Structures are given as C-alpha cells and as structure tokens.
Amino acid sequence: MSSEPVLLEAFGDKGFFRTAFSYSLDEIKDWMKARYTVQGGKQTDVQKLLQNVYERFWTLIIPQGKNFLAPPPKSHFFREDDPDWEKQGRDPKVASAFNLNSWKDLTFQGVLEEAITVAWWNPYDLLGLFLSILGPAKAEADKDNYFIHLTAVYAQWCTRIGGKRVPPGNVGVGDTPGAYQVTWKRQNGEIYFCLGSSLAGDAFNEIETGQWKKRVRRARFDLFRTSLRMQLLKESDFESTPKQLEMSTKEGATFEGQMYGNCAETYPFIFSILSAKDGNGSIYGLSLKPGFIKRGTAPVYKPEKISDFIRAPCANCSSLIKASGMSETNFATPPPKQPKPPAERTKATISNPPDGWTADPDELDQDYYWGSGVDGDGDGLVAAKKVGLSNPIGQMIVDRYTGGDKYIFTANGTQDKAYIWNMITHDICEFTKPKSLTDVVAQMTTVEGKKSLEMELLHDVA
C-alpha cells in the first residue's frame, strides 16, 4: 500500500501542490499575476519577464484569448492566415490555412551556461516557462518530494487553460498534451528546472486547415534542432525518427516514433543540455502520462498515487539522452510491476502481449482514453472519430516501462481489422498486412514479425 509522501513547499507555499492542483482557470490566472504584481515599488527583472510571459500566454487560452479566437478556426497556437491557402484552392493535400507566428523576446537560462532566446507560440509551453522562471527549487528537492508533484500540477493546469475537455462552459480545441516532462540539475547548491509538454493545442482537422499540422510539427522540430547547445540532430532527421517497432506506412513514412521535437522533452532539453557531454551527466528528469488528470470542478490531489503515472523515456528521449552524455539512470522509471490476480488478467482480450506491450486494465484505462462523458470524449475516441471509426476499443498499449505512447485498438464492432494510435501525435494507422487483431499480435510476437507489419495512415473524414 502506498504511504503518504512528504511534499516540500513550492513557491513559498507549504501546501502548494495539494491546493494548486484543484485551482480553477480564474485561480490559476490570479496566482500567476500575483507572482509579478508589485504594490508600491518597482518590478524586478524576473517579475518583468514573468509579466511578459503571462501577457502572451493569456492571448492563447480560453475563453477569450484574442490569438486563440482568431484567425478562425480556433487554435491554441499563435498564427496568421496563409494567403496561399486561398490561392491554392484550399487544397488540404498541398496547402496550409495558417502560418505559425512566434514570440522571440523571452529570455531564459535554465541550467545553461548563459540565457538564450527561442521561439514560443503555445500556452502549454508558456505555462511551463512561467513556472520554470520561478525556480530554483530548494536544495533538498528531489523526484519524490517535489518534481513529480510539480509536474502533476503543471499537467493539471494545462487541462484548465485549453483543449476540448476543460470543465463545461469554457471549451478549447484539440487534445491536451499526451506527456509532461521536467528536467532538473543542481548548480551551486540550488536546483534549476524546466517543464514542458508534448505538442498539443489544435484540432488539426485536415479538411479545415490542410497541412497546418505538418507545418507546426516541422516548426517545433526546427526550433529543437537549432536551439540545442549541442548539435544532436540534422535537418533530415525530421523524417527519420527512432523506431520502437519496424513498421512503415504505404506513404513511406515511419509511424513508430514521433518526430523529434514533438514530445515533452523539447523545451526541457533545450534549457538543460550543455554544449559539452561532461556537463550533462548530472541532469535528472521524469515524464508523466496524463491518466491521473482530473476534470471535475475541484479535483483532489492524491500524491501517493502519482508515481503510477510515470512513463519511461520514449525512443526519441532515450536516443537524445545517450547522444548528449546524460545518464538514462537519472530519468525516472515507473515503480516495479505488481502481479495481477488471475481474475484481473483474464479481463483482457489479449492474454499474452508482445514484449513492451501490456493489456493491463489499469494501463488500458478504457474510460479515460476511449470513454465519453460529461467532460467530453477521450482522446482516443476523438482521434478515431476524426478518421471515420466508431466504437473503438483499446486492446493493448505500449507499457510505461517502454514509453507508454502507442495504443492498438479495434473499431466498428469487429476484430477483423486493427489500428494503432500514436498518443503523442494522435495519428492513426490501419494495419494492412496482416489485418486482424489476432494476426497482428501473432506477428508482433515473432522475432522477425515486427519487420513485416504494414500499415496505412488514415486521413480525416470529419
């Protein structure tokens, strides 16, 4: 049984993690403004920076952020109309409705040798920056008493400022991030940190906005590649990501492994990785998957449960950790697996998943990913509907120990066809060789089977 953990104070508040987790949107905004507001005196440079971050942040959030509302359709990305959209007849195969705007006047140092200025265009990232500027953490802060809880509050707040599943009345657009990450490093007796999330904040409907999703993905990759203090990526790496499985689509693009720069390590690594490998061995980190997030009006934080949602570094993150001289042992992994009673094990359709996958009901979390309720549809259900699939049922998921970021499911009341959902990019592919769930799983459990799986990327129909 989990014991009640000890939580450090944060930002001068002994009970911050428990109370802040339940903040409403208005309480979050008030708390943020109070960090830089000065009564009867001059702002410090840090307070001025916090205000600059906030003034950009609020334009992209619900309900009335000017850059959230316009240009239509709504989006949590800073954007402008692309004139070529009309010139090319709004052809979704070749054109994008928007160009991506950015702010490049926000300077932050993190654990780098010196402060740098990079591009910002999304409120989830700006919220992570705001909280990171408020560091450093106290010298006794560690994963269990501080950083896992800070990441949980950050993730919970992200669901309050945007996305389609915010509390009723103030609906944003798109999915909220599929992963949340923090990195930290001790310097001169203090601990500096940086928070970030995977790419999210738009419905990315191909019919309405064309190649907008690809444009955003490319921009975030370019930001990551050019902002790192150490050269770890080439321009061509956008199309060649690490693969957790040898699967390819008919279009020739690798499905497994999201593009670099699209997962939660993007901004944390930018502000953590030093130019020389020997300076990176003392960087620590952790990542959370979102199943713990509560969408009620006053959710209660359960700190003793949060470690169940740690996810190991994904393939992208692992490759960057190794290449930069960081130590993978410094990045949190989920607690040891606990054996399930026979009654629990028999609930799953797939009794013997391939290595790295699981059909554990707790990890499948059908209600969260595939359910529909008063707080909106699950992310998997939304992704399935966009490509014309109905009644999706989760069958097995990449386990937390392998990154927890892919999900195989069936739909339309049959297991004759199987699909795979990338939980970070929200792409869905249909298995084309073999096709059925039984045959796909059987193929994946053979030594060479993974290499012969074929898929087709599905496109939006609604």
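**Aromatic rings and their surroundings**

Modeller: Tyr369 is buried, and Tyr407 is buried as well. Bear in mind that the model is predicted. Across the whole structure, a search finds 35 aromatic pairs. One of them is formed by Phe269 and Phe331, an edge-to-face pair with 6.1 Å from centre to centre and 80° between the planes. Phe269 belongs to helix H10, while Phe331 is in the loop between helices H11 and H12, so this pair ties together parts that are 62 residues apart in sequence. Phe269 and Phe331 are both buried. The two tyrosines, Tyr369 and Tyr407, also make an edge-to-face pair, at 5.9 Å centre to centre and 75° between the planes. Their pair links distant parts of the chain, with Tyr369 in helix H14 and Tyr407 in strand S13, 38 residues apart.

Strand S13 has another neighbour: the buried residues of helix H16 pack against S13, and also against S9, S12, S14 and S15. Those buried residues are Leu437, Val440, Val441 and Met444. They fall within an arc of 95° when H16 is seen down its axis, so they line one face of the helix. The general rule is that an α-helix has 3.6 residues a turn, so residues three or four places apart point the same way.

Some rings gather in a group. One aromatic cluster includes Trp31, Tyr146, Trp157 and Trp184. Over the ring of Trp31 sits the charged end of Arg35, 4.5 Å from the ring centre. Arg79 likewise lies over the face of Phe98, at 5.3 Å from the centre of that ring.

Technical notes
Residues are numbered from 1 along each chain as its sequence is written. This is a predicted model: local features need pLDDT of at least 70, side-chain atom pairs count only at pLDDT 80 or more; totals for chains, interfaces and linings use all residues. Side-chain values use heavy atoms; hydrogens and water are left out. Buried means under 20% relative accessible area, exposed over 50%, partly exposed in between (1.4 Å probe, protein chains only). Helices (H or I, at least four residues) and strands (E, at least two) are DSSP runs, numbered from the N terminus. The arc is that of the directions from the helix axis to the C-beta atoms. Contact means heavy atoms within 4.5 Å. Rings of Phe, Tyr and Trp (its six-membered ring) pair if their centres lie within 6.5 Å; planes under 30 degrees apart count as stacked, over 60 as edge-to-face and the rest as tilted. A charge sits over a ring if NZ of Lys or CZ of Arg is within 6 Å of the ring centre and within 35 degrees of the ring normal.
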